[in-house]
Amino acid sequence: MNMISFLRVLLARKKILLTTIAVTLLSAIAIKSILPPSYVATASVLVDANQPDTVTGAMLSPQLMPGYIATQVDVIGSHNVALKVVDDLKFTTDPQAKQEFMNDTHGAGSIRDWLADALLKDLNITPSRESNLIDVAYKSTDAESAMVIANAFVKAYIQTNLELQTAPAAQTNKWYESQLNELRTKLVTAQKSLSDYQQSKGIVNVDEKLDVESSRLAGTATQLTAAQDQTFDSSSRNSRSGDQLSDVMNNPVIQSLRTQIATAEAKLDQLSRSVGKNHPDYQRATAEVSALHEQLAIETRNAQQSINTSMRVAQQREADLRGSLASQKEKLLALKQNRDAGAILVQDVESAQKAYDMALQRATETRMASQTNQTNISLLNPATMPTKPASKSIIIIAILALFMGSFLGLALTLVAEMLDRRVRTDSDLTDVLDLPVLVTLNSIQPQKPKRLLGLFNRQQAQLN
């Protein structure tokens, strides 16, 4: 359908179009005249989401801000808040409200819920796009009622917000308090087990005592190494013959005796060349040399015995140190076992203490949160009594009705044309028959015959 066809359809069915527009316009004006004027009272609340928590000090992440504001809007429009408004304004005691409830539900259900649902129908909540303000508007046919109900919704919302903060905290605190007793019992039991174990093993501090014993073991090992070196050295010196021992050779007494022997032997040799063997000087020198050799032999044996004694002492000390080291190792292993067992008990005590401290901290925080009376919601602008109706003027309603009637009339016109299709242009004929149009005849107005017109005039003259 082209524009010419559309205009011819409108012209042909102009009665439907005009009638629809007229009916719509008159209906809108009549409804506006019948319905009472409505008033809207608006209160503004500020949601300070940047304020840290009064107990924990935690702040809301900026990424969660849109969701938080949307949640607050849902809370304001919740059934719970509406019930608080009903109870605050005592709507359930209003006889008119009772009668309307009976007429609507015939007594089925709760009047509080019915009133709350009715209040929510006229409530409009608008969050600000650029700030944390939320407008709470209520529409009513009475200006004072609109103001009172809007302010009541804000009051109920702040109370509900505070309850949402304190109620979970109180419930959580109750659970933590019950857990504290159990955790305290576990901590006392663990401390008692550790104390009994330390008393039974004679351990004051497990780690400290173990360190002392470890140092003692290291000292014994060092002494054993030194004793082994000393034993090896003594054995090495003792493995040689007596007069070749360094200790014997370096002995000052022996060296002195050897010097004296050399001197005495030189004197004896000199006497042997000057006097005979029976000479008293020769015999005295011979006796002196023999005495010195005996003295040297005695001193050599003494020195060798001293070396043997030192070797035996070193071997005995090495054996003692080996025994001490083995005993210290056994003692250290026993202490390590005791320490491992004690460490488990200490770990149990630390775990019980940590759990108890955490529960105590959370119990304190939740107790404070459950008793707080501070909220991050504040009333910025309370609702005031509106002085002018919020409903649109009759001129605006008439203009809107005119537009709506036009659209409705066009729709009805097109529907009527589709139900009763007519050929109004050449294109319509082509569309219906799918044949080309060869000739178009213009419409001709029929003319009345003159002869009949003259006869008609004559008859009128005769009648006159």
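Helix α1 (residues 3-12) packs against helix α12 (residues 394-419) at an angle of about 95°, and the two axes lie 10 Å apart; here axes are lines fitted to C-alpha atoms, for helices over the stretch in contact, and angles run from 0 to 180 degrees between N-to-C directions. That makes α1 roughly perpendicular to α12, in a scheme where angles under 35 degrees count as roughly parallel, over 145 as roughly antiparallel, 65 to 115 as roughly perpendicular and the rest as oblique. On the α1 side Phe6, Val9 and Leu10 take part, and they meet Leu410, Thr413, Leu414 and Glu417 of α12, where contact means heavy atoms within 4.5 Å. These residues divide into five nonpolar, one polar and one charged; Ala, Val, Leu, Ile, Met, Phe, Trp, Tyr, Cys and Pro count as nonpolar, Asp, Glu, Lys and Arg as charged, and the others, Gly among them, as polar.

The model is predicted, so local features need pLDDT of at least 70 and side-chain atom pairs count only at pLDDT 80 or more, whereas totals for chains, interfaces and linings use all residues. Residues are numbered from 1 along each chain as its sequence is written, and side-chain values use heavy atoms, with hydrogens and water left out.

Over residues 394-415 the chain is 100% helix and 0% strand, with the end C-alpha atoms 30 Å apart.

The protein as a whole has 14 helices and four strands, which are DSSP runs numbered from the N terminus (helices H or I, at least four residues; strands E, at least two). An open sheet of four strands has the order β2-β3-β1-β4 with antiparallel pairing, two strands being paired if DSSP finds at least two bridges between them. Because β2 (123-127) and β4 (377-381) stand at the edges with a single partner strand each, one side of each is left without a neighbour in the sheet. Neighbouring strands are turned by 30° against each other on average, direction ignored.

Within this sheet, β1 (residues 39-47) and β3 (residues 133-140) run antiparallel and are joined by eight bridges, with Val45 standing opposite Ile134 in β3. Strands β2 and β3, also antiparallel, are joined by five bridges; Thr126 stands opposite Asp135 in β3, and a hairpin connects β2 to β3 through five residues. Helix α7 (residues 143-201) lies across β1, β2, β3 and β4, running at about 20° to β1.

Helix α7 also takes part in the packing of helix α4 (residues 79-89), whose buried residues pack against α3 (65-76), α6 (111-121) and α7. In α4, Val81, Ala82, Leu83, Lys84, Val85 and Val86 are buried, that is, under 20% relative accessible area, with exposed meaning over 50% and partly exposed in between (1.4 Å probe, protein chains only). Lys90 follows α4 and has a positive phi, near 55°. Across the protein, buried residues make up 28% of the 464 residues.

Lys331, found in helix α11 (residues 280-370), is partly exposed, with a relative accessible area of 37%. Leaving aside neighbours within four places in sequence, Lys331 is in contact with Glu213 and Arg216; Lys331 and Glu213 are 118 residues apart in sequence and 8.1 Å apart in space, C-alpha to C-alpha. Among contacts in the protein between residues at least 6 apart in sequence, 80% join residues at least 24 apart.
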